[in-house]
Every structure is written in structure tokens, then in C-alpha cells.
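Hi everyone, thanks for having me.

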Amino acid sequence: MRGLDSASPSIEDCYARCREITAEYAKSFYFATLFQPQEEARAIHALYAWCRTLDEVVDAAADEAPENVQAQLQFQRESLEAIFSGVEIGVAETATSCPDVCLINRALADTVTRIPDMSISPFLDMIKGMESDTDRPVRYEAFQGVGGLEEYAYRVAGTVGLMTIPVLGTEEGVAFEEAAEPGVALGIALQLTNILRDVGEDARRDRIYLPAEDLRLFGVTEEKLKAGGIDPAWRLLMESEIQLALAFYRKAELGVGTLAPAARLPVQLALNLYREILYGVRSNGYDNYLQRAFTSKVRTETALPDRTSQPAAA
Ligand SMILES: CC(C)=CCC/C(C)=C/CC/C(C)=C/CC/C(C)=C/COP(=O)(O)OP(=O)(O)O
């Protein structure tokens, strides 16, 4: 790389850091990339590490001055503009003490030059989504429309579909645009699943993602939601939200064939695994307050019930 002395991290070092971050925070995801060609795997690691950086900014937001959070997100925006306009980035900061964010941005810049069809818009949209997660308290009036939950789910997860499709590749003769809609649908489905799985934990942190109009429709008050009362109204609300998420899974599933053949199996497996969480919520009698460990850890990670951490009621 032009302008870098021998003590500076090489592009391999940058990708290696992204790989370490992926391996540390997303074990099953990392495992899937072990079966990909090296260039594809590296690109996925760079994308994951970039998204993770934003996640960390937002997670730290509760303890930080809002101006700091804004400044970090603005820095990421400006870095993206540089990356996508082909400006070589990170040279000035590339000392041996280069912070992770600089390594990650350099890996992303390299990925962007190698993979056709990568566009800046999903990255910028994700920043907008993360920004809304720093607003307190988290509330959505409706699912659809401007400021709705669907828009948020697109921004924080649907965008990942748009970022990864160019890396995974499409079936011969299939344009990126054809895969984009089902790809976004999968991201939204996964995000809605997370929201349903974590509903109790989030409510206790005053993050209510379920649209207020749905709560009203089923007669579930915020107080009841926070207290975790499982009654017929709650079960009906949950079933209705599960149906909505399943509709996104169906849309995604219909589009799996638009992907390059090698990408179909891992994507279908991820889809099945996450959809199982919803079936798990159903078979728990919609008790997604106490049974989070059951629905997430057991079904998606270890496949073995950790009976020691099960609540007595389970
Ligand atoms: C179907 C077609 C045509 C393409 C697929 C395109 C892809 C890969 C879409 C999926 C995008 C994706 C992986 C979105 C991330 C969504 C999400 C909510 C991930 C969960 O993140 P964490 O919150 O870290 O999860 P856990 O809490 O479960 O560990």
C-alpha cells in the first residue's frame, strides 16, 4: 500500500483483525465462513467487523455524552464517503497502534474495490438505524411507514442483506436487484425474530420495539409488557407478530434461488435456524420472558438444553 512503512499493518493484518472479531463475537457465523473461498470469507469478516463497530458505539451510548456518540457516527459516515469514492484511507492513522476502527475501515475499503455491486446506501442506512437506537425511550407507533418498525428493521438488518448479496453472488443471469428484495426480507425476518426473542429483556431496558398500535389492538399495556404477564391477550399479540415475521421468512425463502448455488445452503440453514426460534416461542406457550435462554441458546447455539440455567417454571 502506498505511503505505508514496514511497521504499518498490512492489508492482511487488517483482514486478520476482522476475522478475529468475527470469530470472537459471531461463532456460528464465523464457522460458516470457513467453507467459503478466501476472498469471500475475508469480505464477510470485514462487513461483520464494520457492523460490529457500529453496534459497539450504540451499546456504549448509554454511558456516553450524546455528542460523543454523534461524533463517532459522523466519523463513520465520513469514512464511508472516502471508502466509496476510492480515497485511500487510514494512511495517516496507520501506525502500529492503529485502532480497530482504522483496520476495519481499510479492510472494508479493500473489499469495496474488489467486489462489484457494493453500494454505499445500505451502510449509510445502517448508521441511521443505529442512531435511532440511541434515542430514549425506544418506541414505534406502527410497523409500516416512515419512522415505523419495518423501516428500523430494514436499516439495522435488511441492509446486511444488501451488503452481503454482492459478496455471495447471484445465480447466472440474475441481477443484484432481483436478489435484493428477498435479501432485505431475510434481514427483516431475523431482526423481528430477535425482537420477539428478547422482548422481556428489552422492555426492562425501556426499549419497546413492538408497535404501540399492535399493543393497543390486543389490549396489552406497556406496564403489562414490562411486568411480563403471559395471558391470552399477550399470546394473541405474539402469534400475530410471529405471523408477520413468518411472512418475511416466506418472501426470503422464495428468493434463495436467486443466489449463487454455493450460497444457497448456508443462507437456507440460517433462515431455518432463526425461524425455529419463532416456533420455539410458540411451543413455550408464548412465554418469551422467562424462556429466552431456551429459545436462543438451545436452538441456535448449543442444541443442548442447559438445564442448570432454566427457570423453575420451565
Ligand atoms: C435470501 C437472499 C436472496 C439473500 C440473503 C441475504 C442475507 C445473507 C440476509 C441476512 C442478513 C443478516 C445476516 C442480517 C442480520 C440480522 C440479525 C438480526 C442478526 C442477529 O444479530 P445479533 O443481534 O448479533 O444476533 P444474536 O443476538 O442472535 O447473536
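Let's start with a term: a cavity is a set of grid points where a 1.4 Å probe fits but cannot get out. Its volume is the space filled by probe spheres set on those points. The general idea is friendly enough: rolling a probe the size of a water molecule over the atoms shows where empty space is left. Please keep in mind that the model on the screen is predicted.

So what did the search give? By this rule, the count is three cavities of 30 Å³ or more.

The largest cavity has a volume of about 50 Å³. Which residues line the largest cavity? They are Phe143, Leu149, Leu192, Ile195, Leu196, Leu210, Glu241 and Leu244. If you sort that lining by class, you get seven nonpolar residues, no polar ones and one charged. Two helices, H8 (176–197) and H12 (232–254), each supply at least two of the lining residues. The largest share comes from H8, with three residues.

Now for the second largest cavity, with a volume of about 40 Å³. Its lining is made up of Ile195, Val199, Asp202, Ala203, Arg207, Ile208, Tyr209, Leu210 and Leu225. Here helix H9, residues 199–204, gives the largest share, three residues. By class, this lining divides into seven nonpolar, no polar and two charged residues.

How values were computed. Residues numbered from 1 in each chain as written. Predicted model: local features only at pLDDT ≥ 70, side-chain atom pairs only at ≥ 80, totals over all residues. Heavy atoms only, no water. 1 Å grid on protein atoms, 1.4 Å probe; cavity = no way out; pocket = protein on both sides within 12 Å on 5 of 7 lines; lining within 4 Å. Helix = DSSP H or I, 4+ residues; strand = E, 2+ residues; numbered from the N terminus. Nonpolar A, V, L, I, M, F, W, Y, C, P; charged D, E, K, R; others polar.
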